[in-house]
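Here's a quick briefing to read alongside the model. Have the sequence and the 3D view open as you go.

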Amino acid sequence: MAQISLTFPDGNVRSYPAGTTSAEVAASIAPGLAKKAISATVDGRHFDLQWPLDADAAIRINTMADEAAALELIRHDLAHIMARAVQEIWPEVKVTIGPVIQNGWYYDFDRKEPFTPEDLGAIEKRMKEIINRRDPVTTELWDRERAIRYYEANNEPYKVELVQAIPADQSIRMYWHGHWQDLCRGPHLQNTGQVPADAFKLMSVAGAYWRGDSTKPMLQRIYGLAFKNRDDLKAHLTMIEEAAKRDHRKLGREMELFHLQEEAPGMVFWHPNGWSIWRALEDYMRRRLRGAGYKEIRTPQVVDRILWEKSGHWDNYRENMFIVEVDEEGAKEKRINALKPMNCPCHVQVYNQGLKSYRDLPLRLAEFGSCHRYESSGSMHGLMRVRGFTQDDAHIFCTEDQIEAECAGFIALLSSVYRDLGFETFDIKLSTRPEVRIGTDADWDRTEGALKGAIEHLGLPYQINPGDGAFYGPKLDFKLTDAIGREWQCGTFQVDAQLPDRLGAEYIGEDGAKHRPYMLHRAILGSFERFIGILIENYAGKMPFWLAPRQVVVASIVSDADAYVEEITAALRARGIRAEADTRNEKINYKVREHSVGKVPVLLAIGQKEVAERTVSVRRLGDTRTETLALDDYLAAAVSEATPPDLR
RNA sequence: GCCGGAUUAGCACAGUGGUAGUGCAGCGGUUUUGUAAACCGAAGGUCGGGGGUUCGAAUCCCUCAUCCGGCACCA
């Protein structure tokens, strides 16, 4: 019999007959390992202990201590156990697919009636019973026809469809958890009892389209969370509660930042506090852009459809545009306009005014561009996805040779802005040429190369998303990580060889001939609405001093202090600090509580003592200690603290 | 847009066919207070909109809108 060589993590190489299973390999090393083994990693792939090894490979035997492997198996086995529990309770339910996802798994079922919360309780109970049965997990390879016949006989049409989608020459991996069977790539644990019965929880039920396709039937999806022990599950549930506490929709109401209402779905009514954050952010961005050589412009909201036809948006995105018509008796002309869904075509119009020379390039045109898109009703979410939004948009018109330097300059600006706003880390993703595209391979080689060159020159790590670029050029996406580890895609940098062509942008080159410029679409925040939502959640409403809507509240302890309170408030305001006086007839305890709940970073408490000594008692949000400072010293400190990070 | 849930006072919520409630906020008063909720009082509602069933609807049915959790979508 042929022999294969297996290389172990410690560098040892041992020889086994071909077809040996990982379980046998583990047993050959030590009985203890055989007992603890749950799976193997073979040349980087996750292997079931029952699968035969038939070629030389690097192998590692995994145990429950190997967290990634253990979690994948636990979650995947739970998906099967849940599907089995569902079919035990409701035999008529059809099974489909159930993958492992972050923190757990889901499984999609076809069932006429949706599952109720009570159903979830019953399923969870049955799952625990199945775990306690300690049923063995077994696997076999079947040929395709046999698998199809089997699923047809069992009246599982979705499984038939899945098998039919697998290439004809491939054999089909079948798994059994006890008597219950499922089509599955594997790997799995060895028996259901290995799954911790107290470290999972069924979370929710939701509709989901079969194969993620909105033209296909809607299935019932059940989501579950699973970890390797009860404490991890509890910790995760606590994290979910913490995340709910920083929900920007809740904080937006509590801090009186903004509201949304029925008459304008997806459009934000900004209140004084929220607008104050916006303006601080906008002023900051304006300074940064000006410093980076951008020129700010402003373009119309309502533009004739003719421009959208030229740009191509009318054909491709009309159903997502707000159409504006003039409905006036006897109007001489009836034009059809649209609210601009993006700024790019308007920016090209500004570029096109006057003949441009190569000496004008790169030309960086920036706009805090207000855009409207008719987003589908189910997609809106607080400030995160809205129908009316303002981008920190800019377009750089440049030559091909300038792309790399512009890209590098952009990334440097973006990373500095993110750091100033409290985000230390971000990921870069490079999306390269898609199947359907314009331009030659040589064009793509150069533009992709320019983006890569810029990132590598800055020494930053990045991932490549092959084929995910727009048809008109490659792009970079920038994803930042917030205080509780969530990722948000905000920044973008896209190379566009198409729109300048469609809209006739040109420049006169050194050679005296006309050339097409490249157009680079770029944003750092993405949209103000969404970014402010992210800031609120990142800081849990406790905005840094320079961004806080109300920076200082000056609160009287006795009414004899009112005059001094007003004097301090006026002095702060004269120095540009957003300060308010609170001379209401309330106890200081009450005021401290109210302004703490309101997330005001600094409270100055003023009583008899402060009046007599011309001092202030400073209490910072989240700190129970207080500090007494001379008024002038505090004023100087406040001015310094209120200075935006780019002006320090 | 699709599946499910929700919509009651400014906010958070109770109220399953028979006189719309509680807490906080707001308002009027008392209290002059030392770092996370002083006390008393009087108010406040077309129960999301429209239609239906019923002697009678916040409650049951239909419909529309919005929101929430997902799915799909996101130039």
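Two strands pair if DSSP finds at least two bridges between them, and strands (E, at least two residues) and helices (H or I, at least four) are DSSP runs numbered from the N terminus. This is a predicted model, where local features need pLDDT of at least 70, side-chain atom pairs count only at pLDDT 80 or more, and totals for chains, interfaces and linings use all residues. Residues are numbered from 1 along each chain as its sequence is written, chains are lettered from A and ligands numbered from 1 in written order, and side-chain values use heavy atoms, leaving out hydrogens and water.

**The sheet**
- Strand β1 (residues 3-7) runs antiparallel to β2, with 5 bridges joining them.
- Within that pair, L6 has R14 of β2 as its bridge partner.
- The open sheet has 5 strands with mixed pairing, in the order β2-β1-β7-β4-β5.
- β2 (13-17) and β5 (45-47) sit at the edges with a single partner strand each, so one side of each has no neighbour in the sheet.

**Around RNA strand B**
- RNA strand B is surrounded by 52 residues (a heavy atom within 4 Å), and Y209, N585, E610, S617 and R619 are the closest.
- α18 gives the largest share of this surface, 7 residues.
- For polar contacts (N or O atoms within 3.5 Å), a polar side-chain atom of S376 is 3.0 Å from a base nitrogen of RNA strand B.
- A polar side-chain atom of S377 lies 2.5 Å from a phosphate oxygen of the RNA strand B.
- G378 uses a polar backbone atom, 3.2 Å from a base nitrogen of RNA strand B.

Conventions
A polar contact is a pair of N or O atoms within 3.5 Å; within protein, one must be able to donate a hydrogen and the other to accept it, and residues adjacent in sequence count only if both atoms are side-chain atoms.
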